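Here is a friendly walk through one protein model, meant to be read with the structure open beside you. We will look at strands, cores, a helix and a pair of loop residues in turn.

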Amino acid sequence: MDVMEGCRHLREYKEEEGVEAYRTIHAWFISPINSKARGKKAEFCYCHICHNSGGKRLHSCLSCIFFACWGPHLKDHVRTKQHKLWVDLEYGNIWCASCGDYVYDSELKDISDQHIAMSHQSLGLGVLYQGWQPSNKEIALLKNNPKKREFSENSKLGLRGLINLGNTCFMSCIVQVLIHTPLLRDYFLSDRHICTFSGTDQCIVCEIDRIFQENFSGEMTPFSPHKLLHMIWTHAHHLAGYEQQDAHEFFIAVLDLLHRHLIHKTSILPSCCTCIVDTIFTGKLQSDLVCQVCKGVSTTVDPFWDISLDLPAVSPSLPGTNPQGISLQDCLQRFTQPEHLGSGAKIRCSKCNAHQESTKQLTMQKLPVVASFHLKRFEHSSRLHKKITTRVDFPEILDMTPFISHARNNINKKKVYQGIPSNNKYVLFGVINHIGNLDAGHYTSYIRQHSDMWFHCNDHQILPASISQVLDSEGYLLFYHKQILEYN
């Protein structure tokens, strides 16, 4: 059997009948290419024997207009009509009853890919990503150069300093963290981005893609991210100018711009977005308001890209003693504990039909792939502006199980809580620090390369670091990656 051109029976069928029947079936009942076709699929896509549209896989006969469930109904038609070739109505694969197997045909695969892309675009989902397929010239080059470039365990590929363009250390440290975010790196290095902008230098996703290519090019001289800075100034006016900006504000602004440019010219609702930014960074925060009279619960769920954690004021330590501090887990415990809102902030209870005192509790309903924590070290009020230098101990491995909704809501049910499997562990991969005070400060970052190599990034300078140095740093923004990923 010729693998690229299907089996003998399919080749004979194509010689006599062509591919129009397959093209029609695919365009109307597999990947409907317009709203009319989607309506016809919903109305007529069912087994012509049992009239069941769900359950067993539906197939369409290539020789006549007949749909049948996988199994006896399909076999009955094969036996009575001697029609041997069928199309799977879910994936468009060809089943040959004579061979007793699915067969591959490159011409039909091209038709399938074309219709899938058209269907994707007609639904307002933008241009469908197509994986790289080598041309004949590229295949020849690969055959003539069989030796592949491999990465050693101590490879420095991906490490490249960034030139400070004038108080832009806040940008440099965020860019370094994004470059070393594993799933984001895999997305850009596999050439997944398809630009939907018509003009040049308008898409920030293209610019981030270019920065990834520059960082992983093997070039070691510092790189100038001036185009990214100009685009941020253009789209986020509050960050424009040569003053020192807040790294946390820049991080949120970059994610927002990436998110908006990824869904540009599509009808995707931001709340239903599955772009790479939302896939990696978006979690869901559950807020429960409990009426103190009837104990009724009102729940709302909101998406988040990061968690901002208040730092308590800690009195200075005595000379010769260890500085007083708290842990990241303490901050998360305070963030997720019930808060009594008091008589001055009564909420209208729908059950009591009156304004009542209530308690509010925040928990994580859905954990993101990358958990980003913002330690609120900068305090701004009408009277003063100061930096909070409270020491926060943060771990290399963080278990988020105690802070997800079902765990916090059942915290008193010890047996149930302890029986919950913990697949919610995160590993530290990036830390951003602020050195100095509000008037004269500087940002640097620690990033993890491979599984256990750490580096200190200070604009154009990158130096090796140890995990003890990382964990001993002050910490302003902390980035954790989920250890076990879950796929739908």
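## Strand pairing

In strand 2, Ala-68 is the bridge partner of His-59. The model is predicted, so local features need pLDDT of at least 70 and side-chain atom pairs count only at pLDDT 80 or more, while totals for chains, interfaces and linings use all residues. Residues are numbered from 1 along each chain as its sequence is written, and side-chain values use heavy atoms, with hydrogens and water left out.

Strand 1 (residues 58-61) runs antiparallel to strand 2 (residues 67-69), with 3 bridges joining them. The two form a hairpin with 5 residues between them. Strand 1 is also joined by 3 bridges to strand 3 (residues 85-88), again antiparallel, and there Cys-61 has Trp-86 as its bridge partner. Strands pair here if DSSP finds at least two bridges between them. Helices (H or I, at least four residues) and strands (E, at least two) are DSSP runs, numbered from the N terminus.

Which way do the residues of strand 1 point? Leu-58 and Ser-60 point one way, His-59 and Cys-61 the other, and all are buried. Buried means under 20% relative accessible area, exposed means over 50%, and partly exposed is in between (1.4 Å probe, protein chains only).

## Nonpolar cores

A nonpolar core is a set of buried Ala, Val, Leu, Ile, Met, Phe, Trp, Tyr and Cys residues joined through side-chain atoms within 4.5 Å. The largest has 60 residues, and those touching the most other members are Ile-174, Ile-204, Ile-232, Val-277, Phe-281 and Tyr-443. A second, separate core of 31 residues includes Leu-285, Leu-362, Leu-375 and Val-470.

Leaving aside residues up to four places away in sequence, Ile-204 touches Leu-228, Met-231, Ile-232, Leu-257, Leu-258 and His-261. Contact means heavy atoms within 4.5 Å.

## Helix 11

Helix 11 (residues 247-262) reaches 22 Å from its first C-alpha to its last, close to the 22 Å expected. That expected span is 1.5 Å times one less than the number of residues. The helix is mostly covered, with 12 of its 16 residues buried; among them are Phe-250, Phe-251, Leu-257, Leu-258 and His-261.

## Two loop residues with positive phi

Gln-82, in the loop between helix 4 (72-81) and strand 3, has a phi near 60 degrees, a positive value in a residue other than glycine. Gln-82 is partly exposed, with a relative accessible area of 49%.

Lys-265 sits in the loop between helix 11 and helix 12 (276-281). Its phi is positive, about 60 degrees, although Lys-265 is not a glycine. Lys-265 is exposed, at a relative accessible area of 58%.
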